[in-house]
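Please open the structure in your viewer and keep the selection panel at hand. The tour below goes from one selection to the next and says what is there.

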Amino acid sequence: MISRDARKVVQILQEHGFEAYVVGGSVRDLLLGLKPKDFDVATNAKPAEIKPLFRRARIIGRRFQIVHVQFSREPIEVTTFRSNATPGQDKNTGGNRRQQTDTGMLTRDNVFGSISDDASRRDLTINALYYDPSDNSIHDFAGGLEDIDSRTIRIMGDPATRFREDPVRLLRVVRFAAKLGFTIERSTEKPIRKLAADLSHVSPPRLFDETLKLFMSGQGLATFWLLHEYGLFDQMVPQLSNLLKERESQSSSLIEQAFTNTDLRIRANKRVTPAFIYAAMLWPSVQHLAKQYQGQGNSPAYALNKAAGEVISRQVSITAIPRRFTMPMREIWDLQLLLPRRGGQRAKRLSEHPRFRAAYDFVLLREQAGENLEGLGDWWTRYQEASEEEQQQMANAQNQDGKKRRRRKPRKPKTD
Ligand code: ATP
Ligand code: MG
């Protein structure tokens with residue numbers, strides 16, 4: 001089950017006298033009987049030595065140089081063995097290839113080393129297994145095989161130091177615990193809560209990438225609760241932390257339901273988009289803020305729009321959600337206001353809106369989470385199943401209701 005491309009990369013490197021192994025998540029997943037997402041190769045060849053051996057290869061990254069080798073579809077990531085040596089200790093590099101901030105965070109990590117050096121700078125023991133396809137052997141420098149057997153997540157080295165070096169490791173620990181159903185070992189677990197605030201040192205684009213892996217793993221719900229438990233979720237979506245406390249039931253059941261639905265869709269191989277998840281996570285904040293603006297005398301549409309803009313810009317400063325996702329999020333929210341107004345020709349026009357499907361799913365989600373929308377989801381379900389003639393009748397009936405209701409309302413006296 002090892003990809004042919006990965007085996008080919010290892011073989012070519014070995015033929016040129018280098019050491020090379022399949023490493024990381026793919027070895028772990030294969031040992032657990034799971035299908036690996038991607039294949040990584042580690043070698044003692046330097047990036048500049050790797051590149052000329054392959055026709056389609058390019059060096060990428062600065063913080064962490066990697067060679068992407070492409071044969072067929074997915075590129076194979078080839079990394080050179082790295083060392084944990086601190087600047088100055090390493091004679092070969094002049095000490096300027098590894099950089100650290102004053103909080104201990106690594107900003108550059110290109111000091112090369114031996115295979116055992118490389119093993120000790122990986123994050124978890126279960127991610128530090130090296131597989132050699134030429135003799136079918138696994139090299140285990142950190143007790144990773146034992147931890148796979150006992151289903152344990154254990155960070156390598158001193159946990160607090162390793163988390164400070166790269167706070168994304170806090171999230172990786174939780175991600176693998178939830179995804180694999182493993183238990184986080186005690187000394188690994190202990191500093192997580194205290195160091196959660198270090199996530200603010202992670203760049204917003206990287207944090208966004210990591211949230212995708214967390215929420216789109218098929219174990220989003222379990223991941224959400226673990227993140228919440230360790231105080232990590234508060235760091236990732238701080239706008240929500242008060243609401244999760246204040247209005248315990250509604251906000252958290254909406255998010256819980258969103259993850260439940262997403263997990264089911266992923267397991268059924270259906271399409272999922274981060275826009276929908278983020279729309280759900282931020283909806284309680286948007287509603288909360290929109291209500292305030294409406295209370296100040298603004299129209300519902302204006303209030304929603306203003307609230308949406310503010311909530312998104314706050315979130316984007318933490319996780320850089322790209323515009324191709326924030327645009328659909330706003331459309332889903334806008335449509336929450338429009339979908340109840342479905343009289344006359346409106347129903348047909350709404351049902352043809354490019355974001356209708358997502359907005360309708362969002363209505364169902366809100367209802368599942370316990371919000372009372374007066375049968376709105378059910379109405380739209382029936383509408384979509386109805387014949388054209390019936391659809392017109394349904395829309396007309398809405399119109400009648402609308403008109404009657406409007407007539408009963410006393411008119412505002414004109415002021416001008
Ligand atoms: P998956 O691809 O299933 O999400 P993975 O373990 O392969 O899981 P990758 O992000 O592909 O994760 O990383 C490949 C390997 O690189 C990891 O298995 C680990 O050994 C190492 N690694 C990745 N990120 C870090 C990190 N932040 N700190 C230390 N080592 C890391
Ligand atoms: Mg991987």
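A patch is made of residues with over 30% relative accessible area and no salt bridge, in which like charges are joined within 9 Å and nonpolar side chains (Val, Leu, Ile, Met, Phe, Trp, Tyr) within 5 Å; a salt bridge is a side-chain nitrogen of Lys or Arg within 4 Å of a carboxyl oxygen of Asp or Glu. The model is predicted, local features need pLDDT of at least 70, side-chain atom pairs count only at pLDDT 80 or more, and totals for chains, interfaces and linings use all residues. Residues are numbered from 1 along each chain as its sequence is written, and side-chain values use heavy atoms, with hydrogens and water left out.

Select R4, R7, K8, K35 and R73, which form a positive surface patch. Within that selection, R73 lies in the loop between β4 (66-69) and β5 (76-80), and R73 is exposed (over 50% relative accessible area, with a 1.4 Å probe and protein chains only), at a value of 63%.

Next, select L31, I138 and L145, a nonpolar surface patch with about 210 Å² of accessible area together. L31 belongs to helix α2 (residues 25-31) and counts as partly exposed, at 39% relative accessibility.

Move on to N372, in the loop between α19 (356-368) and α20 (376-385), where N372 is exposed at 66% relative accessibility. A polar atom of the N372 side chain lies 2.9 Å from the backbone nitrogen of E374.

Finally, select helix α11 (residues 220-229), where G220, T223, F224, L226 and L227 are buried, that is, under 20% relative accessible area. Just after α11, G231 takes a positive phi of about 75°.

Notes
Chains are lettered from A and ligands numbered from 1 in the order in which they are written. Accessible areas come from the Shrake-Rupley method with a 1.4 Å probe; for residues, only the protein chains shown count as cover. Lys and Arg count as positive and Asp and Glu as negative; His and the chain ends are not counted. The place of a charge is taken as NZ of Lys, CZ of Arg, CG of Asp or CD of Glu. Helices (H or I, at least four residues) and strands (E, at least two) are DSSP runs, numbered from the N terminus. A polar contact is a pair of N or O atoms within 3.5 Å; within protein, one must be able to donate a hydrogen and the other to accept it, and residues adjacent in sequence count only if both atoms are side-chain atoms.
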